[in-house]
Amino acid sequence: MKKHVWLLVMFAITIVNAQENTTKTKDSVKTEVVKVVTSYVPKITDAFKLKQKPAISHTKETEKKKLEYQIFSVPVASTFIPKSGTLKKINLGKRERLYANYLSAGFGNMVAPFLEGYFRRSVNYDSELAGYARFFLSLDPVENTQLSSTFYNLDLDIYHQQTERYFTWKAGLDLERNKYNWYGLPTNIDFTERVIDAIEESQTHGFYKLYGNIDFDDSYINTANGAISFFADGFSSTEFNIDLGANFKFPLDRIHRNLNDFSLKTTVNYLGGKFERGYESQDKINYGFLTFGLNPSYEFAVKDLEVKLGAKGYFALDTEKSINHLLVYPDVELSYPIVKDFANIYLGASGGLYNNSHKSFTDDNPFVSPTLNITQTNEKYNAFAGIRGKMGQQFGYNLKGSYSDIEDQPFFALNHSKSDGTRTTDTNAFVLNGYEYGNSFRTVYDDIKLMRVFGEVTFEGIQNLTLGANMEFNQFTLTNIEHPWNAPEVKGEIFGSYKVEKWYAGANIFFVGERKGIQYAGNNPIPFSTVDLDSYIDVNFNGGYQFHDDFSVFVNLKNVLSNDYQRFTNFRVQGFQALAGISWKFDTLF
């Protein structure tokens, strides 16, 4: 009990003291020390360096035990035998051996001998001498004509080519001689046998050309070319032509590395000639043109947009009439792939000044009279647009439309007959030449607007087979003449070729739409009427068999349907033609 009483007394004393301390704290102010703590700004000197490779001590309990092991080799039987790999090859067929020379000879059903050859010989490692020759003759192939339709073509081209250190040059001589007959007499005039026998309907054309060109390897001048030619016929008509040109390439990457080359084409041309007389008079016809041309252009790309910017400028001088012209044309084209490789749209504008010549007219129509009016054709502008591309890897296509403004566009119009069918002289008692019986053509010019739509598609989806077709539509807006004489508004072509092993074959089918021609009421230039020339289809095939790399036979079939159509007014064509022959290829005869 005494212990318990003692503890109770001590507990009471403690409570009383605690009450006294509490009362004093509330009633008195105590002084204390206040510490102000600022933010810490570390310094480099405050940092201490960590050890890169701290040493770690291991006790015996934590130390890793050393791994010890042994390998026991056991032989295992294997059936794997490695083989060397082989390359996959594409079947390109048998590689055809190439020869430097060939000779072909044939004969046709219209008494038509044919001979063609190409010969090449290397003089040394850097030079060669080559030549090409072709001759074709057809004896009176057009049936039921009162005059002979015999013709022949002879072409010979010889050149020498030399490769130097910085350029390659080539010089050659081209010779042509052709003979045609004005056999297309008008059907509305009855010619007597005496007049028929008196007509000398033959005409010969001779062409002689000396040419050369230089191709530079690394120079501002890319190419340079020149030619001097002379053309003459059997009626003392002559024509002289000098043609010079050079193409320049100026690199612009020195200005900026992303710039392309700047191109400049230059031309100088002189064309002069004469005819001994006109069709309506005995006066000589002289003509001459001197033309200087410049064609700068620059091509670049902006992402997928390809741009060509350029212009054409010509200074033309008519040396006979003392008239000169300064003409400038655009030369611009833009191309953009709306669907890459599948559809590329393009548009642009161009133009140009073109030389017409006696030689170019006879190439287009060999039945022109030696009394032509020669002048230049001015295409003021030619605006065009189109779309082209590929459908997969098989089909390719191109669709193009254009609109042109052309000054002095030539057409071929039939000459009137100076004979009434019973006379061989004209009203002035001059003996008529063979082309003055209404069986020749003259050139007439007109200022036209030409709208043209052209489409083409090709197919190469089968090995060794190529197919294609094209079509062209022309709409002429004339100024002076009534119709575009002997010019079709629609024409097209279907072509194809196929080759397998030793056989090959090809086909061409031409379509030409209706044309307009002139028919005179009598032996005077007026009055005249318009005649329709029917459209026609001309089907042609060719093929052959190759016995060996150097020997083969061939056959050409023309106008298979034997259509009796008129290519020009009153000039019907020959019917079915077959020509067969052999070809021999060889390395050298020397």
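Eight bridges join strand β11 (residues 305–318) to strand β12 (residues 323–330), and the two strands run antiparallel. Strands, like helices, are DSSP runs numbered from the N terminus, with at least two residues (E) for a strand and at least four (H or I) for a helix. Two strands are said to pair if DSSP finds at least two bridges between them. The structure is a predicted model, in which local features need pLDDT of at least 70 and side-chain atom pairs count only at pLDDT 80 or more, while totals for chains, interfaces and linings use all residues. Residues are numbered from 1 along each chain as its sequence is written, and side-chain values use heavy atoms, with hydrogens and water left out.

**Strands around β11**

The bridge partner of Val-307 in β13 is Leu-334.

**The chain as a whole**

The protein chain has three helices and 27 strands. Of its 590 residues, 35% count as buried, where buried means under 20% relative accessible area, exposed means over 50%, and partly exposed lies in between (1.4 Å probe, protein chains only). The accessible surface comes to about 38,600 Å², of which 58% belongs to carbon and sulfur atoms. Such areas come from the Shrake-Rupley method with a 1.4 Å probe, and for residues only the protein chains shown count as cover. Among the contacts (heavy atoms within 4.5 Å) with a separation of 6 or more, 59% are between residues 24 or more positions apart.

**Nonpolar cores and a surface patch**

In soluble globular proteins, nonpolar side chains tend to be buried together. A nonpolar core is a set of buried Ala, Val, Leu, Ile, Met, Phe, Trp, Tyr and Cys residues joined through side-chain atoms within 4.5 Å. The largest such core has 29 residues, and those touching the most other members are Leu-185, Phe-191, Ile-199, Phe-367, Ile-374, Tyr-437 and Phe-441. Elements giving two or more residues to this core are α2 (193–198), β9 (262–275), β10 (285–302), β16 (395–414) and β17 (441–459). A second, separate core of twelve residues includes Ala-413, Val-444, Leu-450 and Tyr-520. Not counting residues up to four places away in sequence, Ile-374 touches Phe-275, Tyr-287, Phe-289, Asn-356, Ser-357, His-358, Phe-361 and Tyr-445.

Nonpolar residues also form a surface patch of about 650 Å², made by Tyr-336, Ile-338, Val-339, Phe-342, Ile-345, Met-391, Phe-395 and Val-457. Patches are made of residues with over 30% relative accessible area and no salt bridge; like charges are joined within 9 Å and nonpolar side chains (Val, Leu, Ile, Met, Phe, Trp, Tyr) within 5 Å. Strand β13 (residues 332–339) gives the largest share of the patch, three residues. Phe-342 lies in the loop between β13 and β14 (343–354) and is partly exposed, with a relative accessible area of 39%.

**Salt bridges**

Side chains of opposite charge can pair when their charged atoms come close. A salt bridge is a side-chain nitrogen of Lys or Arg within 4 Å of a carboxyl oxygen of Asp or Glu. By this rule the count comes to 13 salt bridges. The table gives some of the pairs.

| Lys or Arg | Asp or Glu | Closest N and O atoms |
|---|---|---|
| Arg-120 | Glu-128 | 2.5 Å |
| Lys-274 | Glu-276 | 2.6 Å |
| Lys-449 | Asp-405 | 3.8 Å |

The pair of Lys-449 in strand β17 and Asp-405 in strand β16 links distant parts of the chain, 44 residues apart. Lys-449 counts as partly exposed at 30% relative accessibility, whereas Asp-405 counts as buried at 13%. Arg-120 is partly exposed at 31% relative accessibility, and Glu-128 is buried, with a relative accessible area of 12%.

**A loop residue**

Thr-425 lies in the loop between β16 and β17 and counts as partly exposed at 25% relative accessibility. Thr-425 and Val-195 are 230 residues apart in sequence and 10.0 Å apart in space, C-alpha to C-alpha.
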